[in-house]
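Keep the picture in view as you read.

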Amino acid sequence: MKRYLFLLIAAFVFSRCGETPEPANNPNLRALSQAETEVSSATNDLGFRLLQNLRNDEPENIFISPLSVSIALSMLLNGAEGEVESSILTTMEIDGLTMDQVNEASKALTALLMSMDRKIELGIANSVWHDLDYPVHQNFASVIRNFYNGQVSSENFRASSTTGKINDWVESKTKGRIKNLISQIGPDEIAFLINAIYFKGEWTYQFDPAKTHIAPFHSIDGTTPEINMMVSAGAIVRHMVDNRLTLIDIPYGNEQFRFTVVMPSQPEQFMQVAAEVSADQLNSWLNEADSLSVRLELPRFKLEWKKDLKQTLAEMGMMMGGFPKMFQNPLDLQVSRVIHQSFLEVNEKGSEAAAATAIGIEMTSAPPQPLIVTVDKPFLFMIREKHSGVILFMGQFTDGSVAR
């Protein structure tokens, strides 16, 4: 019996020796080029300006992906020239870079983000869909494939099945979270430039489902709807508080990706504080933040959002006509719409987020108790990667009725 037990133990040891040890989940903290730094900063600025322009007098939940919009506009940039090209660069606030530098930086940043945390599920996909009667310029197709790893597909835009093909591609790249991005193809539309982003990450410091409880959320209008409030008893977060607001920076995975909350001290101050937040201001607050172990309380919630951003981008200075470098034959073209659709779920395990941007082109014709931080008032939030500084997603949570 002893000999038999020894043989079993020996077999187990030898089998374990043959296994490959799990590699350390170290982030890729290489230095960013000047162009990457500028594109990262510009992406964040674009997000805050979009959020500011989308915000209205009646606060509502909003959720966007600055990175998705930025990549889609970067692809569109390659079809433009002259004043239209300049207007896109200005809208993106990267008018100090050339188109080639933007392409190179977008490619490098995408690769960097994908290599930051192997336990974070991150997908960034691009595609161009065009009517088979209107072939795209070879140079344009080459840029999409080489710098954006995008597929270029020629389809019959008059066939009803084409809408399904495009939506199926988006749905597959977002793990089923973004459905029916395009309801139908307009009679004058001949192309779509699409970016899709999917993110799924687990909290570094887990929330205990057994501690999730019903709690009031103090809304701007004075109401206090009941929400599901999650609890993490020993979360180590970055924390900053002053007389106007609280910032909480919550890590995922190996702590490179973060869920960052900016919560005004009083609900009625939300609109004023939100209007003042910028990428520079966020960085300033993060630099002031301390690392603390806290009892963290955060709403469990889900958001879905969809809007045409064309008018918003036009108000920000982007010209919508032109694009002579997109197709082989000269055409009078304009942007028909900029559909942006997003999904976010925040729960005890982590966060799942997805977004897609489609640019349509048409022809004219006991120990001391820890600090308790409770997010129970309207707040801004971001999912960002701290080394590159890129904000992947951002939004505002003002309506607690969706958190049940």
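**Helices and the spaces between them**

Helix 5 gives the most to the lining of the largest cavity, with four residues. Please keep in mind that this is a predicted model. The space inside the largest cavity comes to about 70 Å³. Helix 2, helix 3 and helix 5 each supply at least two residues of its lining. Among the lining residues are Val39, Ser40, Thr43, Leu67, Ser70 and Val390. Sorted by class, the lining of the largest cavity has six nonpolar residues, five polar ones and no charged ones.

Now let's see how two of those helices pack. Two packed helices are described by the angle between their axes and the distance between the axes. The axes of helix 2 (residues 34-54) and helix 3 (residues 66-77) come within 9 Å and cross at roughly 110 degrees. Angles of 65 to 115 degrees count as roughly perpendicular, so helix 2 and helix 3 are roughly perpendicular to each other. Their crossing is right-handed. On the helix 2 side, Thr43, Leu46, Gly47 and Leu50 make the contact, meeting Pro66, Leu67, Val69, Ser70 and Leu73 of helix 3. Six residues of this contact are nonpolar, three are polar and none is charged. Thr43, Leu67 and Ser70 take part in this contact, and they also line the largest cavity.

Helix 3 has another partner, helix 4 (residues 82-91), and here the axes are 10 Å apart at an angle of about 160 degrees. Angles over 145 degrees count as roughly antiparallel, and helix 3 and helix 4 are therefore roughly antiparallel to each other. This crossing is left-handed. Leu73, Leu76 and Leu77 of helix 3 touch Glu85, Ile88 and Leu89 of helix 4. Five residues of the contact are nonpolar, none is polar and one is charged.

Next, look for the largest pocket, with a volume of about 260 Å³. Which residues are closest to its centre? They are Thr110, Ile124, Asn126, Tyr148 and Asn149, out of 17 lining residues. Helix 5 supplies the largest share of this lining too, with five residues. By class, the pocket lining has eight nonpolar, six polar and three charged residues.

Finally, the second largest cavity has a volume of about 40 Å³. Helix 2 provides the largest share of its lining, three residues. The residues around this cavity include Phe48, Arg55, Ala274 and Leu380.

Technical notes: Residues are numbered from 1 along each chain as its sequence is written. This is a predicted model: local features need pLDDT of at least 70, side-chain atom pairs count only at pLDDT 80 or more; totals for chains, interfaces and linings use all residues. Side-chain values use heavy atoms; hydrogens and water are left out. Axes are lines fitted to C-alpha atoms, for helices over the stretch in contact, and angles run from 0 to 180 degrees between N-to-C directions. Angles under 35 degrees count as roughly parallel, over 145 as roughly antiparallel, 65 to 115 as roughly perpendicular and the rest as oblique. A crossing is left-handed if the near helix is turned anticlockwise from the far one by less than a right angle, and right-handed if clockwise. Contact means heavy atoms within 4.5 Å. Ala, Val, Leu, Ile, Met, Phe, Trp, Tyr, Cys and Pro count as nonpolar, Asp, Glu, Lys and Arg as charged, and the others, Gly among them, as polar. On a 1 Å grid over the protein atoms alone, a cavity is a set of points where a 1.4 Å probe fits but cannot get out, and a pocket is an open set with protein on both sides within 12 Å along at least five of seven lines; lining residues have an atom within 4 Å of a point. Grid points are joined across faces, edges and corners, and a volume is the space filled by probe spheres set on the points.
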